[in-house]
Every structure is written in structure tokens, then in C-alpha cells.
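Take a look at the chain below. Keep the 3D view open while you read.

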Amino acid sequence: MAVTQVNYTGNGSTTNYSFTFPYLDKTDVKVRIDGTIQPTTAYSFANATTIAMDSAPANGAKVVILRDTNVDSRKATFYAGSAIKSEDLNDNYDQVLYTVQE
């Protein structure tokens, strides 16, 4: 079973939370605090696999970092007569794979 999210419990002081799942775009990574339906936007990426919250989640708050891959459009589009790059093919297949995993 693929891991597409990680769970933490806030302690009132920790602001950096790491995750190990792969993603295509930073916009595919979401953070939810205390079971909210709408993800928070009060964070940034400290690096490719660490979320830096703008302020520390409260003590006991449930912090969920998850992948929600965009399925509204293909990662890459191919046109007749154009070169097909392996990176574009891989991204399209990964987009499908990640969506199925989620």
C-alpha cells in the first residue's frame, strides 16, 4: 500500500514537519489541521520534503500532510510531429499512478 499522507500531533512549538511520499508539483501537497475539510495555506516548503508551518499548531492538534494530485489536466500534452520526452511520459504515468493510490 502506497503512503500518500503522514499524520502528526502538534505540540505548540514544532513548525517543521517532514514527509516521504513523492509528488509532481508543490500544489499537490496539502496540509490539514484538526480535520478541517479546507486545507490550510499557512505554510511553505522548507525543502522538497519538509513543510514549514507559519505558526506552530496547537498542542494536541492533528496535522495531516497529504498528496492530492491534480487530475483536472494532464501533466504533459503531446502534439503530432513533436518530440516526445521520456520525462513527460513518466510524469503523465506518475500522475495516473498517484491518483489511483490516493
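The model is predicted: local features need pLDDT of at least 70 and side-chain atom pairs count only at pLDDT 80 or more, while totals for chains, interfaces and linings use all residues. Residues are numbered from 1 along each chain as its sequence is written, and side-chain values use heavy atoms, with hydrogens and water left out.

**The sheets**

Helices (H or I, at least four residues) and strands (E, at least two) are DSSP runs, numbered from the N terminus. Two strands pair if DSSP finds at least two bridges between them. In general, strands of a sheet pair through backbone hydrogen bonds, either parallel or antiparallel.

Axes here are lines fitted to C-alpha atoms, for helices over the stretch in contact, and angles run from 0 to 180 degrees between N-to-C directions.

Another open sheet also has three strands, in the order 2-5-4, and its pairing is antiparallel. Strand 2 and strand 4 are the edges; each has a single partner strand, so one side of each is left without a neighbour in the sheet. Neighbouring strands of this sheet are turned by 30 degrees against each other on average, direction ignored.

| Strands | Sense | Bridges | Opposite residues |
|---|---|---|---|
| Strand 3 (29-33) and strand 6 (62-67) | antiparallel | five | I33 and V63 |
| Strand 4 (43-47) and strand 5 (50-53) | antiparallel | four | N47 and T50 |

Now follow strand 3. In a regular strand the side chains alternate between the two faces of the sheet. V29, V31 and I33 point to one face and are buried. Buried means under 20% relative accessible area, exposed over 50%, and partly exposed in between (1.4 Å probe, protein chains only).

D34 sits in the loop between strand 3 and strand 4. D34 is exposed, with a relative accessible area of 52%. Its phi is near 55 degrees, a positive value in a residue other than glycine. Most residues other than glycine have a negative phi.

**The rings**

Rings of Phe, Tyr and Trp (its six-membered ring) pair if their centres lie within 6.5 Å; planes under 30 degrees apart count as stacked, over 60 as edge-to-face and the rest as tilted. The count comes to six aromatic pairs. Y23 and F45 form a tilted pair, 6.1 Å centre to centre, with 40 degrees between the planes. Y23 lies in the loop between strand 2 (16-18) and strand 3 and F45 in strand 4, so the pair ties together parts that are 22 residues apart in sequence. Ring pairs link F19, F21, Y23, Y43 and F45 into a cluster.

**A buried glutamine**

Is Q95 buried or exposed? Q95 is buried, with a relative accessible area of 9%. Q95 belongs to helix 1 (residues 86-101). Its contacts (heavy atoms within 4.5 Å) include L24, T69 and S73.

Methods
Lists of a residue's contacts leave out its neighbours within four places in sequence.
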